[in-house]
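I'm opening a notebook page for this one. The plan is to look up a few things and jot down what turns up.

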Amino acid sequence: MEYKESFTRYSRRVEEGLRRFLPATDTRPARIHEAMRYSLESGGKRLRPILLLAAADLFAGDRKRPDALPAAIAIECVHTYSLIHDDLPCMDDDDLRRGRPTVHRAYDEATAVLAGDALLTHAFALIAESYASESVLGIELVRELSRAAGSTRLIGGQMEDLMAEQEGRATADQLELIHANKTAAMIEASLAMGARIGGADDSSREFLRSAGHDLGVAFQIVDDILDATGSTASLGKTAGKDARDGKATFVGLHGIDRSRSIAESRTSAAMATIRGLPGDTEFLAEIAHRMARRDA
């Protein structure tokens with residue numbers, strides 16, 4: 001019950017932040033702002049911003065620290081931009097996301113591209129404006145997020161994924177690289193940014209970054225499993241698409257049982273790292289556990 005109450009409290013903060021920190025739908029040109037909000041307000045568990053907020057609270061304790069909410073919304077903007085672009089016909093070409101038509105289906109392809117671009121830009125503007133009075137903190141947050149979202153991490157992982165799909169094969173090392181960058185990079189950044197806002201030292205931030213790496217890989221493996229075993233209705237997106245498109249997945253390379261075993265091992269490693277940190281780490285450890293048990 002305590003976990004559920006904490007998760008609900010963090011979720012409400014994120015939803016309030018989305019209402020507060022995004023342009024209203026009637027801001028000209030209205031179509032682009034409608035599309036931005038359409039993608040952000042289509043649901044999802046808000047795991048990345050919640051991880052950021054929880055990490056900030058873990059280290060802040062009773063000390064007065066800068067508000068972590070703008071950074072949490074920035075993380076969600078970057079994540080959502082990546083989903084919009086990932087769904088485009090030139091990428092994964094999907095019609096559903098979180099149970100609703102993808103942005104390029106609800107609007108059009110050009111609007112989807114621009115909505116993704118706008119969310120990415122807005123994320124950095126939001127950090128710059130919100131932490132202007134804490135310039136060192138603001139620069140570090142921009143550095144962390146830009147590295148995670150750049151050509152060697154998030155975008156690089158997407159590129160590796162597309163190349164593996166075109167080649168029709170992927171080695172275990174390539175698959176690890178794809179998952180570590182396409183998915184884990186933003187989870188690492190969420191935890192590291194939250195810890196920085198909370199006042200964590202460099203060592204603690206690196207521990208959380210390591211936990212985020214294992215957690216992100218496990219999270220993507222579970223996604224691979226769900227694509228192979230779930231239904232379109234339960235997933236909110238097209239099920240079985242990975243196999244049809246010849247995508248590089250842990251299930252395709254290792255099978256379902258071995259993939260589950262790897263996900264459990266990486267989750268256990270992440271939880272052990274989190275529990276080794278000072279303070280009350282139970283919420284972060286529990287969310288890590290539940291992220292990897294979505295197929296149970």
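Below are my entries, and I'm keeping in mind that this is a predicted model.

**Entry 1: the core**

I started with the inside. Nonpolar side chains tend to be buried together in soluble globular proteins. Here I found that the largest nonpolar core has 71 residues. Ile73, Leu145, Met193, Ile197 and Ile287 are the ones with the most contacts inside that core. I picked out Ile287 and asked: which residues does isoleucine 287 touch, not counting residues up to four places away in sequence? I got Tyr3, Phe7, Leu47, Ile50 and Leu51. There is also another core, apart from the largest one, with 17 residues. Ala180, Ala184, Ala218 and Ile225 are among its members.

**Entry 2: helix 9**

Next I looked up helix 9, which covers residues 172-182. Its buried residues are Leu175, Ile178, His179, Ala180, Asn181 and Lys182. What do they pack against? I noted helix 4 (69-86), helix 8 (154-167), helix 10 (184-198), helix 11 (202-229) and helix 14 (250-254). Ala180 was already on my page, as one of the residues in the 17-residue core.

**Entry 3: helix 3 and helix 11**

Two packed helices are described by the angle between their axes and the distance between the axes. So I looked up both for this pair. The axes of helix 3 (residues 47-60) and helix 11 come within 13 Å, and they cross at roughly 155°. Angles over 145 degrees count as roughly antiparallel, so helix 3 is roughly antiparallel to helix 11. Their crossing is right-handed. On the helix 3 side I listed Leu47, Arg48, Ala55 and Phe59, which meet Ser204, Leu208 and Phe219 of helix 11. Sorted by class, this contact has five nonpolar, one polar and one charged residues.

Most residues other than glycine have a negative phi, and most peptide bonds are trans. I went looking for exceptions.

- The peptide bond from arginine 28 to proline 29 is cis, with omega near -10°. I placed proline 29 in the loop between helix 1 (2-21) and helix 2 (30-40).
- Arginine 46 is not a glycine, yet its phi is positive, near 60°. It sits in the loop between helix 2 and helix 3.
- Arginine 98 also isn't a glycine and has a positive phi, about 55°. Its loop runs between strand 1 (96-97) and strand 2 (100-101).

Arginine 98 has a relative accessible area of 23%, so I wrote it down as partly exposed.

Conventions
Residues are numbered from 1 along each chain as its sequence is written. This is a predicted model: local features need pLDDT of at least 70, side-chain atom pairs count only at pLDDT 80 or more; totals for chains, interfaces and linings use all residues. Side-chain values use heavy atoms; hydrogens and water are left out. A nonpolar core is a set of buried Ala, Val, Leu, Ile, Met, Phe, Trp, Tyr and Cys residues joined through side-chain atoms within 4.5 Å. Buried means under 20% relative accessible area, exposed over 50%, partly exposed in between (1.4 Å probe, protein chains only). Contact means heavy atoms within 4.5 Å. Helices (H or I, at least four residues) and strands (E, at least two) are DSSP runs, numbered from the N terminus. Axes are lines fitted to C-alpha atoms, for helices over the stretch in contact, and angles run from 0 to 180 degrees between N-to-C directions. Angles under 35 degrees count as roughly parallel, over 145 as roughly antiparallel, 65 to 115 as roughly perpendicular and the rest as oblique. A crossing is left-handed if the near helix is turned anticlockwise from the far one by less than a right angle, and right-handed if clockwise. Ala, Val, Leu, Ile, Met, Phe, Trp, Tyr, Cys and Pro count as nonpolar, Asp, Glu, Lys and Arg as charged, and the others, Gly among them, as polar.
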